[in-house]
Amino acid sequence: MHIKFNTYLLAYALNALYRRGFKSFFTFLMLSFITFLMASILIIAHAIKYELSLTIDALPELTIQNLQAGRHQNISLEHLDTLLDIHGVQRAIPRVWGFYYFDNAGVNFSVMGIDTFDHQTKEHLETMVTAFDFEAFVATPSMVVGKGVQRILNENYYKDYFNFITTEGNFQKVSLAGVFDARTSLESNDMIFMPQEIVRNIFGMHPQEATDIVLRIANKDEIATIITKVKALYPSSRIITKEAMRVSYQSIFDYKSGIFLALFLVCLVTFLMIVYDRASGLSSEEKKEVGILKAVGWQINDILKEKFYEASIIAFSAFLCAIIAALFFVYTLQAPLLRDIFTGYSVLKPTFVLPFVVDIQMLSVIFFLSVPIYMAAVLIPSWKTATLDADEVMR
Amino acid sequence: MKTQSITFIALFLGLILTLSLQMFTLNQQFADHQSIKRTFVLFSGLPDLSIANEALFVRFRSYADTFSLFSNGPELLEYAPSTFTYHPAYTPNPSRIERAH
């Protein structure tokens with residue numbers, strides 16, 4: 001069917017939609033809403049996936065932990081020199097970190113010790129924390145926290161400091177030196193950074209021990225050999241590669257996409273029900289209209305063209321409105337209600353600042369699941385009616 | 001008669017323009033987010049997003065839990081061996097799966 005754009009036919013289609021007033025508006029509203037729901041869920045899911053894959057590149061190539069009787073134990077710093085001697089290892093960094101359970105709020109804070117002597121620490125902190133005074137941070141026991149931690153501490157009347165309870169039952173008072181930039185909220189929300197010696201004191205760790213050791217390796221082809229060497233040197237070690245993390249993320253997405261699919265199917269079934277309702281036949285009024293058009297000399301293809309215009313007006317407008325609304329909902333309003341599906345029941349909910357990424361593939365999926373299906377639902381019954389004789393249709 | 005068509009086309013183009021402007025603004029607004037997030041992960045060296053922090057669900061399970069990557073997490077039900085950390089690929093000996101091939 002050759003379609004040449006015809007403004008008169010467009011005006012006729014607009015008039016026809018206007019004549020059916022409420023019905024047209026309701027169809028437009030329903031189609032927009034279902035497309036909006038599909039688009040919002042897919043945008044959030046895609047943004048989270050993108051965020052994780054973006055951050056995974058910044059992770060260390062290898063993380064070495066110590067196991068004893070199948071349990072994770074602290075690793076001795078004596079291993080550092082041996083690890084650095086392995087050919088291909090660029091840096092070996094001991095890390096001190098863990099979880100601090102805050103009874104009052106029932107949440108786990110992630111506490112990370114930082115090496116204040118590392119030349120990059122100051123630079124990194126100044127990038128991520130506004131108006132940060134590094135000298136003051138080093139001079140007194142201080143911490144830098146995520147937005148969520150700051151909120152929880154404020155709710156519990158800790159405005160400028162927090163009293164950690166050490167393993168020996170003493171208080172370790174730590175001042176609040178700064179809060180991480182809200183843009184890092186999805187990563188930093190529950191985190192507390194403070195000098196390693198304070199973390200060791202709180203967790204009761206030996207000065208010659210660390211939680212784990214991370215290795216930075218320049219050439220990724222050497223990773224397998226380095227793993228073999230570390231395993232031979234320290235048989236009780238557990239080695240986690242960046243690649244293993246990537247694989248595990250993939251399995252998480254496979255599982256999560258199952259949940260999305262379930263939600264998505266609900267939308268799709270609702271949508272198909274509307275389509276079925278339309279496809280099961282035109283209303284008597286619409287049939288009468290087709291009959292009159294045939295009686296005054298319109299051919300089948302003219303009627304189909306007109307119906308095509310009608311369907312396109314509704315489908316394309318609804319699609320555009322839905323995408324605009326979904327982007328506004330997810331990025332400006334931070335997806336109220338829907339974000340709860342992703343963040344669960346956590347007390348320490350992060351602000352939902354998702355990365356903005358336009359994925360053509362995702363937009364195509366939304367488009368093909370809404371526009372062509374609706375257009376087919378309008379055109380097929382019209383074609384069925386238009387092929388009948390005019391008097392038969394009007395009778 | 002044509003006025004309606006022109007009004008509709010104008011409205012439709014308005015929608016396209018709104019969408020383009022919205023995408024452009026969001027792109028500008030979020031342009032510097034990626035670098036600061038990367039800096040943060042580079043600094044902390046820890047994975048995962050800060051989404052679940054309840055008593056039962058600690059973060060960084062891949063590092064914090066010995067036996068499985070996401071044990072008892074709200075995101076994933078365990079099923080061996082794909083979500084388990086221990087697998088035989090680190091050693092030069094082939095795994096049972098590799099041997100089968």
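Visitor: What conventions apply to the numbering and to the values?
Guide: Residues are numbered from 1 along each chain as its sequence is written, while chains are lettered from A and ligands numbered from 1 in the order in which they are written. Because this is a predicted model, local features need pLDDT of at least 70, side-chain atom pairs count only at pLDDT 80 or more, and totals for chains, interfaces and linings use all residues, with side-chain values resting on heavy atoms and leaving out hydrogens and water.

Visitor: Which pattern does chain B follow along the sequence?
Guide: Helices (H or I, at least four residues) and strands (E, at least two) are DSSP runs, numbered from the N terminus. Chain B has 4 helices and 0 strands. Read along the sequence, the pattern of chain B is α-α-α-α.

Visitor: What share of the residues of chain B count as buried?
Guide: Buried means under 20% relative accessible area, exposed over 50%, and partly exposed in between, with a 1.4 Å probe and protein chains only. Chain B has 101 residues, and the share of them that count as buried is 43%.

Visitor: Which element of chain B has the highest mean pLDDT?
Guide: The pLDDT is the predictor's confidence in each residue, from 0 to 100. Chain B averages 68, and 48% of the residues score at least 70. The pLDDT stays under 50 over residues 70–77 of chain B, and it is also below 50 over residues 79–91 of chain B. Among the elements of chain B, helix H4 (residues 96–100) has the lowest mean pLDDT, 55, and the highest, 88, belongs to H1(B).

Visitor: Which residue of chain A does Lys37(B) meet in a salt bridge?
Guide: A salt bridge is a side-chain nitrogen of Lys or Arg within 4 Å of a carboxyl oxygen of Asp or Glu. Here the N to O distance is 3.0 Å, between the side chains of Lys37(B) and Glu51(A). The pair crosses between chains, from helix H2 (residues 33–44) of chain B to helix H2 (residues 21–56) of chain A.

Visitor: How many residues apart are Glu289(A) and Arg19(A)?
Guide: Glu289(A) forms a salt bridge with Arg19(A), the closest N and O atoms being 3.5 Å apart. Glu289(A) is buried, with a relative accessible area of 12%, whereas Arg19(A) is exposed, with 51%. The pair links distant parts of the chain, helix H11 (residues 284–295) and helix H1 (residues 7–19) of chain A, and the separation is 270 residues.

Visitor: Are Lys242(A) and Glu61(A) buried or exposed?
Guide: Lys242(A) forms a salt bridge with Glu61(A), with the closest N and O atoms 3.8 Å apart. Lys242(A) lies in helix H10 (residues 242–279) of chain A, and Glu61(A) lies in the loop between H2 and strand E1 (62–68) of chain A, 181 residues apart. Both Lys242(A) and Glu61(A) are buried.

Visitor: Which residues of chain B does Leu354(A) touch?
Guide: Contact means heavy atoms within 4.5 Å. Not counting residues up to four places away in sequence, Leu354(A) touches residues including Ile44(A), Val330(A) and Tyr331(A), and, in chain B, Phe30(B) and Lys37(B).

Visitor: Where is Ala335(A) found, and what is its relative accessible area?
Guide: Most residues other than glycine have a negative phi. Phi of Ala335(A) is near 45°, a positive value. Ala335(A) is in the loop between H12 and helix H13 (339–343) of chain A, and it is buried, with a relative accessible area of 0%.
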